[in-house]
Every structure is written in C-alpha cells, then in structure tokens.
Amino acid sequence: MSDKLPNRLAIKLHPKAEKFVKQGHPWIFEDRIEKKNIAGTSGDVAVIFSQRTNKVIGVGLWDNESPIRIKLLENKPAQINEDFFKAKIKRAFAKRLPLLATNTNSYRLVFGENDGLPSLIADVYDKVLVIKLYSTIWIPYFESILHILIEVSKVETAVLRLSRNVTRSMKGSELKDGLVVYGVLKDEDVVFVEHGIRFSANVIKGHKTGYFLDHRVNRKRVGELSKGKKVLDVFSYAGGFSVHALAGGAKEVISLDISGQALEQALKNGKLNVYEGIHKTMTIDAFEGLQNLINKKEQFDIVVIDPPSFAKSAAEVEGAKNSYSRLAKLGIQLVKKGGALVLASCSSRVLAPEFFEISEKAMNSIPRSFKLLEKTYHDIDHPIGFPEGAYLKCGYYKIN
C-alpha cells in the first residue's frame, strides 16, 4: 500500500475528446491530452477542464501504465473521496437486488467502467468477496474501497486478485495476487448457488475471479430446455451449461474442453447437485472435437458453443470472425432435427449484429434449415454503461 496521497492534475483535452467526456465515455487516450499542469502518477486525480469555458467537465484517475491515460469516474465536477466511492458502490448493489431475490448468492457487484469504477471488478460467491484490479490506479484507494465493498455486500471474507500487468507493477508490495485481505478463507474452492444450482469457484487460482458469472441467464435457460435431452457443451470450462443441463433432467451431457483441469472441475460441480443423467467429458481442442463427433455421425438435442474471447486485439478480429463461422458450421451438423443450437460470443470487438450475421451465414452454407428462437445479452449484474462495455451475445436456433 502506498502512503503517498494522490496529486490533483489539471487536464485539458482536444475538442473531440471533450465531446466524448461530456457523453460519459470512460476512456481518455494519451494522444487526446493537450495540456496537463504536472507529471502524473497512477492513481492521481485528473480534473478535466473545458478548453472554452475553463469549467470542470469531468474527473478521473490517471494511469501511467496504460495508453488509456485517464479512466473517467464522472463527467461532471466531483470530490473523489470515500463518500464518492460509497455512493457508487451502493448504486451498483441496488441494481443487483432483483437478482438476489432469486435463489442466487453469486453476483458481480462492481463491473468496472459500466458501474463507474474503471478497471475494478468485484464478484461475490456466497460470503466471499473477490476483488480484481486491472490497474494500479486503485492502489491508493484500496483500503477505502475494500471497507465499502465489505460493508455493502456483508461478506465474511475478501480475496484480492491482480491482473498480470498489476502483478508486475506491484512486485515487492504486500499486495499480492490471491491474498486474503479480510477474514479467513476456509477453503479456496467456494461453493455458491446460481438459480438453485450449486457450483464452486477457486477464488485463489481460478481464472479471472474464479468463475464466469455473465452467462447465468443462458445457463438457466439451457437447463430448462434439457429435460430428457442429450446435450453437448463445447468450451465447457468448469461445466456451467453442463451442470444446469444435468440438474434440468438431461439424460446425457458431454462437456468438451481442451483443459483437463477445467473438466475435472466440471465433474466436481456436477456432483454438487442431484441428477440422474450421464456426465461424460472430452479433453480435446474444440474444432477437432466437433469434427470428430461429426465423423462419428453423433447427434445431440442441444449443442452449446461458448468460446473464450477470440479477439483481444484489433489484429485478431478477422481471425475471430472466421472462428465463429467455423464453429457455427460444425455445430449445426451435430444437432438432431428439431433440436437447438446455442451460439455465444464474449468478444467485444465483434459486435452483436456482426456475430449473428456471421453465424447465420455460416449455418446457411450447410444443407439444414434453422429458425431463430431468441437472442440474449447481458445479465442484470453485468450492466452496459458504454459501447465497448457490451460484449456478451447469445443466439438460440431451432434446427430442422
């Protein structure tokens, strides 16, 4: 923890960048900054003044280690203090209340920029809070943020997770990835409930914060469709769709993933619940595995294809589009007549209309007909606060 108090920077931007600030866009890139009064350190408060009126039009945090130099907190004057953060987090929690009225005790309490707290994620698994920092801008405020998050969520334990870039920057610091920063963690595999279905998240070593909460509504939907069905869950990771399908009465589920460790977790998650179906796993590359199943003339009532992000940079977008096309072509061939194909994407750089167009064009190239049943997007605890914040899209297709 740094004892140094953050400085206040006076910033002026290029006119086009001012327009984005007034619209509430949270990112200000380095080349959009025209003037600043002093050199900034990560976590310093950046106060943005209008070129024309010299009035404050926004306040953010300075990030020395990112091309996004300023992460905007407000597009109006604001005092950045504990009361400010408490109001933000309480507003975020209020948005999640309808979800918490269901049989669910796992949720994303803070979704970064979309909740006005850029580069900060806070997930709750039952009584355990997992905070993930994607930037060192939060280090000067961490103690206050931690206290507020605990107070609002009423958890008993809190764990800190750090992104790779933050881990590198924090070398030698007392704050480390996987550090228990509040309470006692009895077991790093934390059991939680999602719409009545039990799962576990490894909050110390698991990917991101330990689990992917964003597909909750789609997992529930697949579970509702699965009674008596044979289901294929591709890129299954820890078995989110698989476990809901089994709990929903599927007669057989195959979880397919390249990670044997993830599939072990999928089997464990299944056993946290009561089910009568058969749960199988396939440890193989998804594209290869799908083609193998086609070659064997396997057919399923429901095929779910939910890959990780294929486009983490602009250079990867075209490759991502090709991959989505290939997956749709492979997937449709494995669905029984009258069955369902569920196609999802979490690549923010491939917009929803593009993703659905690519998928449907690919399916049209196969001699099968299909009908769109529905499209889904973000669940309630993953609100969209700016265009780039929208990443999740999922299409349900009936295959004839």
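**Sheets, cores and a helix pair in a predicted model**

In helix 6, the buried residues are G240, F241, S242, V243, H244, A245 and L246, where buried means under 20% relative accessible area, exposed over 50%, and partly exposed in between (1.4 Å probe, protein chains only). Helices (H or I, at least four residues) and strands (E, at least two) are DSSP runs, numbered from the N terminus. The model is predicted, and local features need pLDDT of at least 70, side-chain atom pairs count only at pLDDT 80 or more, and totals for chains, interfaces and linings use all residues. Residues are numbered from 1 along each chain as its sequence is written, and side-chain values use heavy atoms, with hydrogens and water left out.

Seven of its eight residues are buried, so helix 6 is largely enclosed by the rest of the structure. Just after helix 6 comes G249, with a positive phi of about 100°.

Two packed helices are described by the angle between their axes and the distance between the axes. For helix 5 (residues 216-225) and helix 6 (residues 240-247), the axes come within 7 Å and cross at roughly 35°. Axes here are lines fitted to C-alpha atoms, for helices over the stretch in contact, and angles run from 0 to 180 degrees between N-to-C directions. The crossing of helix 5 with helix 6 is right-handed, that is, the near helix is turned clockwise from the far one by less than a right angle. On the helix 5 side, N218, R219, K220, V222 and G223 meet G240, F241, H244 and A245 of helix 6, with contact meaning heavy atoms within 4.5 Å. Sorted by class, this contact has three nonpolar, four polar and two charged residues. In this sorting, Ala, Val, Leu, Ile, Met, Phe, Trp, Tyr, Cys and Pro count as nonpolar, Asp, Glu, Lys and Arg as charged, and the others, Gly among them, as polar.

Strand 4 (residues 45-49) and strand 5 (residues 56-62) run antiparallel and are joined by five bridges, and F49 has V56 of strand 5 as its bridge partner. In the loop between strand 3 and strand 4 lies D44, which is buried with a relative accessible area of 1%.

A further open sheet has five strands in the order 7-8-9-10-11, again with mixed pairing. Its edge strands, strand 7 and strand 11 (179-182), each pair on one side only. Strand 8 and strand 9 pair in the antiparallel sense over six bridges, and the partner of A122 in strand 9 is I131. Helix 3 packs on this sheet, touching strand 7, strand 8, strand 9, strand 10 and strand 11, and its direction makes about 145° with that of strand 9.

What about the interior? The largest nonpolar core has 39 residues, and F85, L129, L133, W138 and L149 have the most contacts inside it. Such a core is a set of buried Ala, Val, Leu, Ile, Met, Phe, Trp, Tyr and Cys residues joined through side-chain atoms within 4.5 Å. Helix 3 gives the largest share of this core, seven residues.

Conventions:
Two strands pair if DSSP finds at least two bridges between them.
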